[in-house]
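Here is a short briefing on one protein model. Please keep the structure open while reading.

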Amino acid sequence: MVFEDDDGARAVEAALFASEVPMTKDQIRAYVGDQVDVTAALKQLENDYAGRGIELVRRGQGWHFQTSADLAHMLRRERVDTRKLSRAATETLSIIAYHEPVSRADIESIRGVQTSKGTLDVLMEAGWIRPAGRREVPGRPLIYATTPEFLVQFGLASRRDLPGIDDLKAAGLLDPVDEAMEQLGFESGEEE
């Protein structure tokens with residue numbers, strides 16, 4: 001493939017935009033090929049972006065796009081630190097998503113262990129679950145359900161889009177112990 005000057009600059013531009021870190025000329029060349037004059041393309045891009053909202057800059061041997069210094073103040077925002085959910089929180093969230101509305105006792109029954117209030121608090125702080133009222137039984141326990149933010153976070157249009165058992169098996173997300181037991185002949189319902 002032979003690149004015209006503009007096509008070569010566009011290819012270099014695309015490689016730089018896609019990269020999370022500054023790229024050296026050799027790294028850029030690995031993406032766009034030897035037929036592109038990377039030095040000329042970088043010079044052209046540097047001129048094209050001069051005085052715009054973003055600019056092409058050189059940092060050491062690497063090149064990258066950044067917000068123009070005079071506009072950086074407009075884009076400052078608080079950084080949200082992401083934390084990995086504990087196993088208990090992940091299990092609790094899954095139970096709520098698949099069985100909602102559920103009480104804490106329901107969650108504990110399914111998990112087989114006690115659920116700390118802190119686990120539910122973490123999920124509520126994340127905005128993924130909410131109290132959904134009280135169950136009409138003695139003691140009137142609080143019941144929980146997922147929120148629209150839960151759907152957004154996990155890319156779901158509705159709870160009906162949650163993966164089924166076959167989807168989870170296909171993705172390799174189920175415990176391999178179940179499959180091993182089946183292969184050994186301990187299938188459920190099998191007579192001894």
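How many residues apart are Asp 7 and Arg 10 in helix α1? They are 3 residues apart in α1 (residues 5–18), which means that about one helical turn separates them. This is a predicted model. The protein has 9 helices and 5 strands. Their order from the N terminus is α-α-α-β-β-α-β-α-α-β-β-α-α-α.

**Overall figures**

- The protein has 192 residues, and 26% of them count as buried.
- Its accessible surface comes to about 13900 Å². Carbon and sulfur atoms account for 50% of that surface.
- Take the contacts with a separation of 6 or more: 43% of them join residues 24 or more positions apart.

**Salt bridges within helices**

- The count of salt bridges in the model is 8. The one between Asp 7 and Arg 10 is among them, with the closest N and O atoms 3.8 Å apart.
- That value falls within the 4 Å cut-off for a salt bridge, so the pair qualifies.
- Asp 7 is partly exposed, at a relative accessible area of 32%. Arg 10 counts as exposed, at 57% relative accessibility. The cut-off for exposed is over 50%, so Arg 10 passes it.
- Arg 104 and Glu 108 also form a salt bridge, with an N to O distance of 3.5 Å. Both sit in helix α5 (residues 104–111), 4 residues apart, so about one helical turn lies between them.
- Arg 104 is partly exposed, at 33% relative accessibility. Glu 108 is partly exposed too, at 23%. Buried means under 20%, so Glu 108 does not count as buried.
- Lys 117 and Asp 121 meet in another salt bridge, at 3.1 Å from N to O. Their spacing in helix α6 (residues 117–125) is 4 residues, which means about one helical turn.
- Lys 117 is exposed, at 52% relative accessibility. Asp 121 is partly exposed, with a relative accessible area of 25%.
- Elsewhere, salt bridges with shared partners link Arg 87, Glu 91 and Arg 111 into one network.

- Strand β1 (residues 54–59) pairs with strand β2 (residues 62–67). The pairing is antiparallel and runs over 6 bridges.
- Which residue of β2 stands opposite Glu 55? The residue is Gln 66.
- Arg 59 stands opposite Gly 62 in β2.
- The two strands form a hairpin, with 2 residues between them. Gly 60 lies in the turn and has a positive phi of about 65°.

**The three-stranded sheet**

- An open sheet holds 3 strands in the order β3-β5-β4, with antiparallel pairing. The edge strands are β3 (102–103) and β4 (129–134), each pairing on one side only.
- Strands of a sheet pair through backbone hydrogen bonds, in a parallel or antiparallel sense.
- β3 pairs with strand β5 (residues 142–146) over 2 bridges, in the antiparallel sense. Two strands count as paired with at least two bridges, so this pair meets the cut-off.
- Ser 103 has Ile 143 in β5 as its bridge partner.
- Helix α6 lies across β4 and β5. It runs at about 115° to β4.

**Packing of α2 and α3**

- Two packed helices are described by the angle and the distance between their axes.
- How do those values come out for α2 and α3, and what is the angle? Helix α2 (residues 25–32) and helix α3 (residues 38–49) pack at about 100°, with axes 10 Å apart.
- Therefore α2 is roughly perpendicular to α3. That label covers angles of 65 to 115 degrees.
- From α2, the residues in contact are Lys 25, Ile 28, Arg 29 and Val 32. They meet Val 38, Thr 39 and Leu 42 in α3.

Definitions and conventions. Residues are numbered from 1 along each chain as its sequence is written. This is a predicted model: local features need pLDDT of at least 70, side-chain atom pairs count only at pLDDT 80 or more; totals for chains, interfaces and linings use all residues. Side-chain values use heavy atoms; hydrogens and water are left out. Buried means under 20% relative accessible area, exposed over 50%, partly exposed in between (1.4 Å probe, protein chains only). Contact means heavy atoms within 4.5 Å. Accessible areas come from the Shrake-Rupley method with a 1.4 Å probe; for residues, only the protein chains shown count as cover. A salt bridge is a side-chain nitrogen of Lys or Arg within 4 Å of a carboxyl oxygen of Asp or Glu. Axes are lines fitted to C-alpha atoms, for helices over the stretch in contact, and angles run from 0 to 180 degrees between N-to-C directions. Angles under 35 degrees count as roughly parallel, over 145 as roughly antiparallel, 65 to 115 as roughly perpendicular and the rest as oblique.
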